[in-house]
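Reader: I would like a close look at a single part of this structure, the place where the ligand sits. Please take me through that part and the helices beside it.

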There are 2 protein chains.
Amino acid sequence: PETFRALGVAEFFYRNRAIAGFTNPTRSVYQTIRELIENALDATEMHGIPPDIRVIVKKLQSESDFDLLEITVEDNGIGIPPEHVPRAFCSVLYGSKYVNRQSRGVFGLGVKMAVLYSQLTTGRPVKVVTSPLGDPAVYEFEMTIDIKTNTPKVLKKSVSRSNNFQGTKVTLYIEGSWGSAKSRVVEYIKRTAIIAPYANIYFRYPEDDSYRILRFSRSTTELPPAPREVLPHPYGVDAERLKSMIEHEEPNKTLLRFITEHFAGVGRVTAAKFLRESGFGVRRTLRTLKDKDIVRLARAMKTWKWKRPGGEGLSPLGEEILKLGIQEVLKPEFIATTCRPPSSYEGYGFIVECGLAWGGAIQPTQTPSIIRFANRIPLLYDENIDVTRKVVDKIDWSTYKVAFPAPLVVVTHVCSTKLPFHGLGKEAIADIPELEHEIEMAVRDCARRLREHLSKIERETRHIRR
Amino acid sequence: PETFRALGVAEFFYRNRAIAGFTNPTRSVYQTIRELIENALDATEMHGIPPDIRVIVKKLQSESDFDLLEITVEDNGIGIPPEHVPRAFCSVLYGSKYVNRQSRGVFGLGVKMAVLYSQLTTGRPVKVVTSPLGDPAVYEFEMTIDIKTNTPKVLKKSVSRSNNFQGTKVTLYIEGSWGSAKSRVVEYIKRTAIIAPYANIYFRYPEDDSYRILRFSRSTTELPPAPREVLPHPYGVDAERLKSMIEHEEPNKTLLRFITEHFAGVGRVTAAKFLRESGFGVRRTLRTLKDKDIVRLARAMKTWKWKRPGGEGLSPLGEEILKLGIQEVLKPEFIATTCRPPSSYEGYGFIVECGLAWGGAIQPTQTPSIIRFANRIPLLYDENIDVTRKVVDKIDWSTYKVAFPAPLVVVTHVCSTKLPFHGLGKEAIADIPELEHEIEMAVRDCARRLREHLSKIERETRHIRR
Ligand SMILES: Nc1ncnc2c1ncn2[C@@H]1O[C@H](COP(=O)(O)OP(=O)(O)OP(=O)(O)O)[C@@H](O)[C@H]1O
Ligand SMILES: Nc1ncnc2c1ncn2[C@@H]1O[C@H](COP(=O)(O)OP(=O)(O)OP(=O)(O)O)[C@@H](O)[C@H]1O
Ligand SMILES: [Mg+2]
Ligand SMILES: [Mg+2]
């Protein structure tokens, strides 16, 4: 006889933490650090604050085969209001990024996974010091997650006067393998800095019996435009979502008003045309819709010919940052960059930017190397199921005069209000057809310019030989 | 200023359904069907009942660009007690497989994802008819999920007298792309049947404007031994889990009794030795343990030299079923199979079985083809991040006299009390080091026998030529 039970959501993610990137002691160290850094960058850059980020990894006296690490990430961001701190750090599925806007964070889970991992390896509470924007006080918390109930346990809390501190500082204690994680963490931070020339990043970490410091100083205070929250697009609708939107609306509102107010890029004329052609009265009120009408309305919205979403609210890197970053990290002899026009999938807008680097300091490889970014996050793992790898592998590079081994690196950045991540660990992007198409167009665009460059070199070489 | 909110767990999985395999209208059809079939097989085979499974896919009149499908899966399994039916189908993270036992289901999520998908595409409720083992009544339900609260809404419920029906029948209405899903679903069902010669499987599905029937009749009523629930192993422990186990115990129980009762393969002598060597009194009671003692105890358990888990409770396919299945589906000229001794990772036991097929009806390919199974589930997607693909690709096949293109297929089956799935869609197995090692040993074992076979053919061919 089977024994039924409900599993608490915190317990579910604790048991299945491998699915959120906490697979082994090396990757868990990497995931912990990156979740904290991504929160810090969201808290600064998305709010017009040039980021000052400090990342300190300390090795403490370990009582096991693994390293005992103290991880601290500090930022000068907007901070967290004290009434939200306990749940933001110790209640799974709690956050401020559940809106239709481009951001690094998406699941309301990241820092909680790190806290869970810290708790299960060391039992030590997470320490958070924060002073929210405009608040003269500084709040200090020490907390753990009660896994059974998914609620925070605040062990210590204090308030003090701010001495000019504004932002957030998070400290966690975890067990893991620093030795094998180090190169990945260093690479992650370098790549983050490369595409964020407006950020100061200070990274101090253990090396042999001492420490090493990696410092990136900002070369500009000019930030990219902050991403904006946008209304959903009709192509992203489904019966459940529509039902939920209607439930929260005034019952006497007309369908015409409902559609123009709730959906992006739908003006009164378009909305009226859509409603009439789909068999709905423009003055019909929401209260008159039965469930099967809502299903019919959702279907009609999904199949009608709307103007597709543009890049509204999106914040791409820009070709200048992409070029500079590629130059700095790869030191190639040739670079081609491109930015595709905005596109969308299922109603979510996205923009693909691509850079191709050739020669110079690049080591030849049997297949093109790829460097991936998504919503400004460097993606280092799970390359084999990433859409960029798929695109780069299906291209016949001989048509672009490339013969392997070749010194070729393809760099891609995708930004979107909803990135189609493969997994909760945010490491690979799924091969959604529209996205795959745009990446392919971008790569081929750059590849054509590489071909011109290689042809030019070929002609010059023949010329010299005469 | 950021707006904080808690996201309900049902809403989280609804929004992120792509991460659970519901990525597009083709794969969503596949995922819906397989989640139902896996539940049906768990309900029969794991309880000593030779499975009779009926899978009916019907195309209904569609009002959109997509197919409207009625999916029905019926089994003769142990059924579901009526008090559990609503939550089993309409409350995310509810199920009977949260125990340490080999089963197809693991997350308590699968059928709910199918119900969510059905609800958001068609708005129609799920229909469940069930008669639990030993219960003369038949219960019929029509239900939906209230996504906001993660609770079931029972729209209809009726009880009637059973006319010999025992088992469960689930009917869902979904929108999706049957045309592109068909070949995957057919392949999934064929592969399921191939390794379950004790099952009757009847599959009726749309083809052109009509239907096609695929029928597998059992060739034996002998079932493999049912997997058994086993105690956790000390290597699988962590501070949180230990704390939770201790909280549920009598406070006056001694550490010695606690360890021998709660952990697999730990006898009194071993437990006493472990406790003394780790600095804990054997008669010390649980109530005297502070949090930091529990952390220290967990660490000690993780690093001590315990006898590793064996295959206790596991139920492998067996080489006979593996051979017969490979013969039937691939019709090769040569087969080698092997079963590795039980191994474990992080305290979870697993067994790797492998088969290698060569020639005959197999078409030559540029790299070896692979056919994967895990806990008897055929894995058809995400091959590129599966551990079997990684192992097969890193082997230098020329040492086994294989030159590509070659007619070579590698078949693997892994069974475990906890499969290291990459994602919630249960499609690929992560490359845990111990697992990767065992799969490599198994493949090389079979490859050596292939080499003997190919050498023999080589010698015979040279012989004939003289
Ligand atoms: N350094 C920080 N500064 C300001 N706010 C923060 C910081 N770290 C976390 N937060 C807040 O806590 C919330 C929860 O963080 P968490 O990492 O768990 O989720 P997320 O970033 O929203 O999504 P994801 O799971 O993808 O990381 C965030 O949404 C944000 O509002
Ligand atoms: N056909 C069936 N016969 C008997 N019990 C069933 C059947 N289908 C579902 N159940 C019960 O409902 C529970 C929930 O099913 P669900 O598919 O959501 O989760 P699961 O199978 O436990 O795990 P997974 O998410 O990996 O599929 C199961 O654990 C099982 O107890
Ligand atoms: Mg985050
Ligand atoms: Mg299931």
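Author: The crossing of α2(A) and α4(A) is left-handed. This is a predicted model, and in it the axes of these two helices come within 9 Å and cross at roughly 140 degrees.

In chain A, α2 (25–45) and α4 (110–122) each supply at least two residues of the shell around the ligand, and so does the strand β4 (94–95). Ligand 1 itself lies between chains A and B. The shell holds 22 residues, and the closest include S96(A), V106(A), G110(A), K112(A) and K426(A). Sorted by class, nine residues of the shell are nonpolar, eight are polar and five are charged.

Next come the individual contacts. K112(A) has a polar side-chain atom 2.7 Å from an oxygen atom of ligand 1. For G108(A), a backbone N or O atom is placed 3.0 Å from an oxygen atom of the ligand. T168(A) faces a nitrogen atom instead: a polar side-chain atom of T168(A) lies 3.5 Å from that ligand atom. As for cover, ligand 1 on its own has 590 Å² of accessible area, and the protein covers 97% of this.

Key. Residues are numbered from 1 along each chain as its sequence is written. Chains are lettered from A and ligands numbered from 1 in the order in which they are written. This is a predicted model: local features need pLDDT of at least 70, side-chain atom pairs count only at pLDDT 80 or more; totals for chains, interfaces and linings use all residues. Side-chain values use heavy atoms; hydrogens and water are left out. A residue is near a molecule or strand if one of its heavy atoms lies within 4 Å of it. A polar contact is a pair of N or O atoms within 3.5 Å; within protein, one must be able to donate a hydrogen and the other to accept it, and residues adjacent in sequence count only if both atoms are side-chain atoms. Accessible areas come from the Shrake-Rupley method with a 1.4 Å probe; for residues, only the protein chains shown count as cover. Helices (H or I, at least four residues) and strands (E, at least two) are DSSP runs, numbered from the N terminus. Ala, Val, Leu, Ile, Met, Phe, Trp, Tyr, Cys and Pro count as nonpolar, Asp, Glu, Lys and Arg as charged, and the others, Gly among them, as polar. Axes are lines fitted to C-alpha atoms, for helices over the stretch in contact, and angles run from 0 to 180 degrees between N-to-C directions. A crossing is left-handed if the near helix is turned anticlockwise from the far one by less than a right angle, and right-handed if clockwise.
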